[in-house]
Amino acid sequence: MLIVTCLVSLTARAQLIDDFGATIPNDLADYTETVVNSGVSTIVAPTFSINANTNALQVAGNTNQVEQTVFLRSDYSLSVGGTLTASVLSNATGVTGTHDFGIMVAAQANPLGATGISDVRSNLVSVELKPDVNQVGANFFDGHTLVYSSRAAPSGTYMAITSLWISEPSAGVFSVGYNEGATSYTFQTFAMNNGSAGDSSIGNAIGFWGDVRVVNASPILLSDLTIVPEPSTFALIGAGL
């Protein structure tokens, strides 16, 4: 169920993790890239790079097949009551084929990777933009159990989306959504506590989710990866968070 709220404030207590060269050195060595769902026998991982013109992260596909990839770091984590956000600097449309790009949390920065045609997605939550269809998507995996993986048109305006976010309002419960300026939309909320190994560790790693199934760069540009540690600093009025 989609819940609309009013974004009141992001205070100075928010921890900026990466702005990709604007003020923080543009070193991607803090991230680990892992293909977690592959449609080809030989892995052809996408390329994550910094767009120097905008100080933003982008992802480019290197195959026309499925290579869903995580780009994670574990020197920061999402705790109960916190919110992970990233600014959307470009969400241009008009592309053909899957060019998904978004943010995510997971149990670890170096999850088991796919070896050939395999799906090892586990203990992760993501929210991403889908510029080929002007929609928002999300993935929830509790252990290896698929809880949700789908997409929908935003309730607001796709081109007006200014940021993506993931929160953990209570232990083991994750919400994902997006902002359009001062208006925040909750896209999906699920409990991730079925007892699968590692599901209580979701949030120990944070970063990005890429799913580009063309030999091309996604037009989505993300920056200002930030953690807001307490509900009082990510004040939302209304139901939901």
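This tour moves through the structure in a series of selections and states what is found at each one. The model is a predicted one.

**Stop 1: the sheet**

Begin by colouring the strands of the open sheet, which has 8 of them in the order β9-β3-β6-β16-β8-β10-β11-β12. Their pairing is antiparallel. The edge strands are β9 (118-119) and β12, and each of these pairs on one side only. In general, the strands of a sheet pair through backbone hydrogen bonds, in either a parallel or an antiparallel manner.

Next, select β3 (residues 32-38) together with β6; these strands run antiparallel and are joined by 6 bridges. Which residue of β6 is the bridge partner of valine 35? It is threonine 69.

**Stop 2: the hairpin of β11 and β12**

Move to β11 and β12, which pair in the antiparallel sense over 7 bridges. Select aspartate 142 and then threonine 145, its bridge partner in β12. The hairpin has 2 residues between the strands, and glycine 143 takes a positive phi near 60° there.

**Stop 3: the largest pocket**

Now display the largest pocket, with a volume of about 170 Å³. Its lining consists of 16 residues. Select Gln68, Asp100, Lys130, Asp211 and Arg213, the lining residues that lie nearest the centre of the pocket. The largest share, 3 residues, comes from β12. Colouring the lining by class shows 3 nonpolar, 5 polar and 8 charged residues.

**Stop 4: glutamine 68**

Keep glutamine 68 selected and find its place in strand β6 (residues 67-73). Is glutamine 68 buried or exposed? Its relative accessible area is 6%, so glutamine 68 is buried, the limit for that term being under 20%.

Show the side chains around glutamine 68 to find two polar contacts. One, of 2.9 Å, is with the side chain of aspartate 211. Another, of 3.0 Å, joins the side chain of glutamine 68 to that of arginine 121. Beyond residues up to four places away in sequence, glutamine 68 touches several others, among them Thr34, Val36, Trp209 and Arg213.

**Stop 5: leucine 72**

Continue along β6 to leucine 72, which is also found in this strand. Leucine 72 has a relative accessible area of 0% and is therefore buried. Setting aside residues up to four places away in sequence, the residues that leucine 72 touches include Tyr31, Met104, Pro111, Ile206 and Phe208. For a distance across the model, select tryptophan 165 as well: the C-alpha atoms of leucine 72 and tryptophan 165 are 16 Å apart in space, while the residues are 93 apart in sequence.

**Stop 6: the cavity**

How many cavities of 30 Å³ or more does a search of the whole structure find? The search finds 1. The largest cavity has a volume of about 40 Å³. Leucine 72 from the previous stop is one of its lining residues, and the lining also includes Val36, Val70, Arg121 and Leu124. By class, there are 7 nonpolar, 2 polar and 1 charged residues in this lining. In general, rolling a probe the size of a water molecule over the atoms shows where empty space is left.

**Stop 7: valine 125**

Select valine 125, which lies in strand β10. Valine 125 is buried, because its relative accessible area is 0%. Leaving aside neighbours within four places in sequence, valine 125 is in contact with residues including Ile103, Phe140, Phe174 and Met192. Isoleucine 103 and valine 125 are 22 residues apart in sequence and 8.6 Å apart in space, C-alpha to C-alpha.

**Stop 8: two residues with positive phi**

Finish with two loop residues. Select asparagine 123 in the loop between β9 and β10. Its phi is near 50°, a positive value in a residue other than glycine. At 5% relative accessibility, asparagine 123 counts as buried.

Then select phenylalanine 20, in the loop between β2 (15-18) and β3. Its phi is near 55°, again positive in a residue other than glycine. The relative accessibility of phenylalanine 20 is 0%, so this residue counts as buried.

How values were computed
Residues numbered from 1 in each chain as written. Predicted model: local features only at pLDDT ≥ 70, side-chain atom pairs only at ≥ 80, totals over all residues. Heavy atoms only, no water. 1 Å grid on protein atoms, 1.4 Å probe; cavity = no way out; pocket = protein on both sides within 12 Å on 5 of 7 lines; lining within 4 Å. Points joined across faces, edges and corners; volume = space filled by probe spheres on them. Helix = DSSP H or I, 4+ residues; strand = E, 2+ residues; numbered from the N terminus. Nonpolar A, V, L, I, M, F, W, Y, C, P; charged D, E, K, R; others polar. Buried < 20%, exposed > 50% of the residue type's maximum accessible area, 1.4 Å probe, protein only. Polar contact = N/O pair within 3.5 Å; in protein donor to acceptor, adjacent residues only side chain to side chain. Contact = heavy atoms within 4.5 Å. Pairing = 2+ DSSP bridges.
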